[in-house]
Protein chains: 4
Amino acid sequence: MNFCSDNVTGAHPAVLDAIARHNAGSVTAYGDDILTQAVEERLRALFEAPDAAVFLVATGTAANALSLSVLTPPYGAVYCYEEAHVQTDECGAPEFFTGGAKLITLPGDDGRIAPQRLEAEVARPTHGVHHVKPAAVTLTQATCVGTVYTVDQVHALSTIAHDHGLRTHMDGARFANALATLGCTPAEATWKAGVDVLSFGATKNGALAAEAVILFDPALAEAFAFRRKRAGHLFSKMRFLAAQMEGYLSADTWKTNAAHANAMATKLATGLKGIAGFSLLHPVEANEVFVEMSEPAMLGLHAAGFDFYRWTVPDRCVARLVTAFDTRAEDVDRFVETAVALAATA
Amino acid sequence: MNFCSDNVTGAHPAVLDAIARHNAGSVTAYGDDILTQAVEERLRALFEAPDAAVFLVATGTAANALSLSVLTPPYGAVYCYEEAHVQTDECGAPEFFTGGAKLITLPGDDGRIAPQRLEAEVARPTHGVHHVKPAAVTLTQATCVGTVYTVDQVHALSTIAHDHGLRTHMDGARFANALATLGCTPAEATWKAGVDVLSFGATKNGALAAEAVILFDPALAEAFAFRRKRAGHLFSKMRFLAAQMEGYLSADTWKTNAAHANAMATKLATGLKGIAGFSLLHPVEANEVFVEMSEPAMLGLHAAGFDFYRWTVPDRCVARLVTAFDTRAEDVDRFVETAVALAATA
Amino acid sequence: MNFCSDNVTGAHPAVLDAIARHNAGSVTAYGDDILTQAVEERLRALFEAPDAAVFLVATGTAANALSLSVLTPPYGAVYCYEEAHVQTDECGAPEFFTGGAKLITLPGDDGRIAPQRLEAEVARPTHGVHHVKPAAVTLTQATCVGTVYTVDQVHALSTIAHDHGLRTHMDGARFANALATLGCTPAEATWKAGVDVLSFGATKNGALAAEAVILFDPALAEAFAFRRKRAGHLFSKMRFLAAQMEGYLSADTWKTNAAHANAMATKLATGLKGIAGFSLLHPVEANEVFVEMSEPAMLGLHAAGFDFYRWTVPDRCVARLVTAFDTRAEDVDRFVETAVALAATA
Amino acid sequence: MNFCSDNVTGAHPAVLDAIARHNAGSVTAYGDDILTQAVEERLRALFEAPDAAVFLVATGTAANALSLSVLTPPYGAVYCYEEAHVQTDECGAPEFFTGGAKLITLPGDDGRIAPQRLEAEVARPTHGVHHVKPAAVTLTQATCVGTVYTVDQVHALSTIAHDHGLRTHMDGARFANALATLGCTPAEATWKAGVDVLSFGATKNGALAAEAVILFDPALAEAFAFRRKRAGHLFSKMRFLAAQMEGYLSADTWKTNAAHANAMATKLATGLKGIAGFSLLHPVEANEVFVEMSEPAMLGLHAAGFDFYRWTVPDRCVARLVTAFDTRAEDVDRFVETAVALAATA
């Protein structure tokens, strides 16, 4: 009963099957194979973006850092939410890949950048070469606190960015979870709302290690291709990244997986929010639940065999609970029942 | 009948089986799982290096560039063979990962750095801060032309390096192929001969995408761990890299695979060298054959359905033929027969 | 009547004289000359630090960024005040020179890092390689708002840093101004209070373009020497940096200059603070005065021929007034008189 | 009697005078002053390039590395002569400033890149993203062995570069010396012959520390401006770089200085080449003389008080003799006389 993260899971059977199915025979290396090209085409079709450039990589950090590296010069500024994964959990990967660009953090409610804060940053008079040059904004979708930007919110932030000459990146490590909530098309959630580059995550939602970067502006493709290679992220046996993505996209596996994970999170939140002493920190709009509880309750849940992280919130006792494509409803029920029992004995 | 490279192959069944076997259940992410730790321990045992630090990554470029990044300061010099993969085929990855260190190329016979050339470079009086600081030497084993450094040759180069304060890296993308030829232990081929850091390749010899970096000096481990993460090469679902390595090492799969590939290359070389108009450029000591032939012969072989690369050698017509764990003896026979027939009609 | 900055000034005659005095004849280039060595020795003596390594450079940005580059790995974190020059006015130089380290900004009162905020940052449990590694803290002395850290305050921050394995850098672009206020020795203001590396500024206080970096830990010297060269900051005709520093230090020029600049700032602040509608934002402890006034008053002062910057403070009208070694008392008097007159007509 | 280099000299009086002349009063910092703008305009006029962007920096390494950084992506290749200063004497500055681009060295006669070698490199079929992308070629004028590219030779190399999408940089640390020999206009020697960016040196020929970078393509200016600042090479008191350049260019000081240095080198070469046992390695076309001699002769010259470097040429005894604007004819005479005497006693 592991609620630590959606990356403690294995891979979905459809993904493993695709790997096995494409293992036989010799194919051209480094992505010049039919399968990779078919997967790239499939993603273009999925996003209604026939001119987009698609690149497969194996980790979300690589997807994000490479994306930012084609959106900012080394003397540029990238704006992000103050607790964004790129800022707090990638060990400086954006700085490394961009050659030293600066992340500038912005606050906001429920994990979303406040538009007026972005506007204030990029609209203020520059002081020439003394400050880094505003270059890009990156949004996390679903956010790091389990909420989802509405399409209008994405559009509003992208518009501010574009109006001031910046580009927009979306960190979609949990894009499928966000899309399940939004109910719109992939295109509506991204380029139609102003997103220039998307990190389209698959790892957390059923792949072994596969992400796609979708450059809606194909002019960025050459730089991305070179940068992927020199970062060691161009796989020789690319068919295996492509196969994962094929299995992931086929038969709506990705959508089904995300919908299930979201449903489990909602179920968990619904069960917990009525318990005395338990309260949610944020609306639950994807597959993460942040819940405040008493110290004894947290101890009790851990003692009962539930794995999850205590989140760092000064002076408060907060648990982060993450559901995934393989989370079982009975485990959610047991979690809630245990919480109820612990609350009763408090 | 693809002799383009050993990365046009799929994965060995033992590797796929291991992935499937370890797919079930939740495990801690980022390498803090039992399987990863067991695989690291297994590699330490294999190399008789109980204190070594082991890191799994997915590509050879990442393995090499990360290795070099912990061996040189950004103002350092790394010496390599003039046609080494790190110099010619990694798009500047060493420069990127090291923060700008300079690769200095050295000539030699049959793909091996000439010791006297290394000595001459590192022994000459420095001119202080004006030149980059000699920091490391990197050897490719097996070499890029299909030969193998003897243990004594590795030792001689490492000794020169160590005597002048440099460290030794071995690019072992085809380490298994070299070891099959050397007939010594992994320890004898590496740290006992002075190697400080090894890129232990598995991808070309049967994995999907898995390499291990073995730091025989554990003092390098902290820097490597941070650098792997910020380069996007720390996998969240690390179990899948570990599983590949487990399948690769189990039941001597890696040794059997390499021995087979080498045998196929030898068979190919033996068949070709007796044909009029065909001549080998280098001794065949691993799984690569470089053979000069006439232009019509090359055309004919391509026309007959054999895939391979024409190697860039000015004014000469040279084919590079690479065998792998899945190369079939009958395909080698057909290649030789075709060559014989083409020679006869010349 | 220019109060824009202390870098709008020319050089002090003592500095120009020293340049002219040392112009004749041939001397060894790149700092291996007698004058440079004498100046380095003089700085060691001044700071009572016989083992310190001293490096001359021409700009404050170079001094700071090179200093930080020897204190942090590229995957490190450097803590600074939220409006520190390294963060806001050096166009990402720290990120560039360090190879991508991350500046983490901390708030505080009157331009000084709040010790409890630093403590909270470095004392919290790390999460391994996912976050950048805490490596250094940098203090600006005098601060960017014209205040001065007391020796005890420097010591307190350095102690927090050292207790957690970090090193301490001091950006002393206005070190002379701070020292004039502190009234202690250079050693007491720096290494005796825990400073590991000092950027000792001279440009703003009378040189053309000269700064010294003093590494109180000589183990950092080799890396600094190589990094200075590869950053293009090793001057071939080093005698001219050394001559500036000689002229600056001789006959207490540097102290006299700083004391004068500070006195002019105090005179200005004293004159302004009594005027209705004018109020100081911070204590005036060095050579900068931040004063809030009405919009008409600022317009009037500009119209009267006084040059100074309007500081960016949301919704407030704030002037930054900087005095220098050549600020004339009569110009300060005229500024105050003009302000009085404008206040009277408001 | 110092023939070590042209950077062992002081500054020309005209340069010191200009500094003194422009010292008085307050002026805007960071180059927004009238003098700097006038000097930039003067250089544009001198080069008949009204749209060129001009940037002043203090060192040749900065000028070169910044220039290359706006001509190549970090995954690019820069072609240079195999002994070029950027490759051998700048401690990896090009790699640092470009973010890791690779210098690829080319041979040639008398210090000049052989055009057919450049053609062979850039014309060969690329192998996609595996190799760094050809981006720029850099020529040293005068060369590192004291020869000068003819205008036709510059044009030939630039044409090869441009035909393959590369840009051309000229390292003109000794541009004045080259121009004195060429006898053409600055424009003919540079942009009319295909040079895109020029490092226009002044330090070696009479300044304290001043170089100008001239971007004949103004589209490169924004990147250069930001990169100069974040490299710490934007001087706050820019007037002092501008004043040096003004003094240098006024009254044809720069031309007179270079012509004198060249004449002294020719005089030296003429005197030495007739002596038994002395032979020139290269034609003397600027202000450097490379002369082979016997070991006893070199010892004798050093013993007689002449300072110069023994050049690193395996198995040969070679002296590099550099003349400068302040080299005295009588010192050249004495050098030759001493050589004659030493030859006579051999």
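Q: Is D:Glu95 buried or exposed?
A: D:Glu95 is buried, with a relative accessible area of 3%. Keep in mind that this is a predicted model.

Q: Which side chain does D:Glu95 meet in a salt bridge?
A: The partner is B:Lys102, with N to O at 2.7 Å. D:Glu95 lies in helix α5 (residues 93-98) of chain D and B:Lys102 in strand β3 (residues 102-106) of chain B, so this pair joins two chains.

Q: And B:Lys102, buried or exposed?
A: B:Lys102 is buried, at a relative accessible area of 3%.

Q: What about C:Glu222, which lysine does it pair with?
A: C:Glu222 forms a salt bridge with B:Lys133, 2.4 Å from N to O. The glutamate belongs to helix α10 (residues 221-230) of chain C and the lysine to strand β4 (residues 133-140) of chain B, so two chains are joined here too.

Q: How accessible are those two, C:Glu222 and B:Lys133?
A: C:Glu222 is partly exposed, with a relative accessible area of 41%. B:Lys133 is partly exposed as well, at 29%.

Q: What does C:Glu288 form a salt bridge with?
A: C:Arg174, and the closest N and O atoms are 3.4 Å apart. C:Glu288 sits in strand β9 (residues 288-292) of chain C, while C:Arg174 sits in the loop between β5 (167-172) and α8 (175-182) of that chain, so the pair ties together parts that are 114 residues apart in sequence. Both C:Glu288 and C:Arg174 are buried.

Q: Which residues of chain A are linked in a network of salt bridges?
A: A network links A:Asp6, A:Arg174, A:Lys204, A:Glu288 and A:Arg320.

Q: How many salt bridges over all chains?
A: The count comes to 68.

Q: Change of topic: chain B against chain A. How many residues does the contact take from each?
A: The contact takes 44 residues from chain B and 44 residues from chain A.

Q: What area is buried there?
A: About 3,700 Å² is buried between chain B and chain A, with carbon and sulfur atoms giving 59% of that.

Q: Which residues of chain B lose the most area to chain A?
A: B:Phe96, B:Arg230 and B:Lys237 do, and together they make up 22% of what that side buries.

Q: How many salt bridges does the rule find across that interface?
A: Zero between chain B and chain A.

Q: Now chain A and chain D. What area is buried between them?
A: About 1,700 Å², of which carbon and sulfur atoms give 66%. The contact takes 18 residues from chain A and 18 residues from chain D.

Q: Which residues of chain A lose the most area to chain D?
A: A:Tyr75, A:Val129 and A:Phe226, together 40% of what that side buries.

Q: How many salt bridges across chain A and chain D?
A: Two. A:Lys133 and D:Glu222 meet in a salt bridge, 2.4 Å from N to O.

Q: Which helix gives the largest share of the side of chain A that touches chain D?
A: Helix α10 (residues 221-230) of chain A, with seven residues. That side as a whole has eight nonpolar, five polar and five charged residues.

Note on methods
Residues are numbered from 1 along each chain as its sequence is written. Chains are lettered from A and ligands numbered from 1 in the order in which they are written. This is a predicted model: local features need pLDDT of at least 70, side-chain atom pairs count only at pLDDT 80 or more; totals for chains, interfaces and linings use all residues. Side-chain values use heavy atoms; hydrogens and water are left out. Contact means heavy atoms within 4.5 Å. Buried area is the accessible area (1.4 Å probe) that two parts lose on being put together, summed over both. A salt bridge is a side-chain nitrogen of Lys or Arg within 4 Å of a carboxyl oxygen of Asp or Glu. Helices (H or I, at least four residues) and strands (E, at least two) are DSSP runs, numbered from the N terminus. Ala, Val, Leu, Ile, Met, Phe, Trp, Tyr, Cys and Pro count as nonpolar, Asp, Glu, Lys and Arg as charged, and the others, Gly among them, as polar. Buried means under 20% relative accessible area, exposed over 50%, partly exposed in between (1.4 Å probe, protein chains only).
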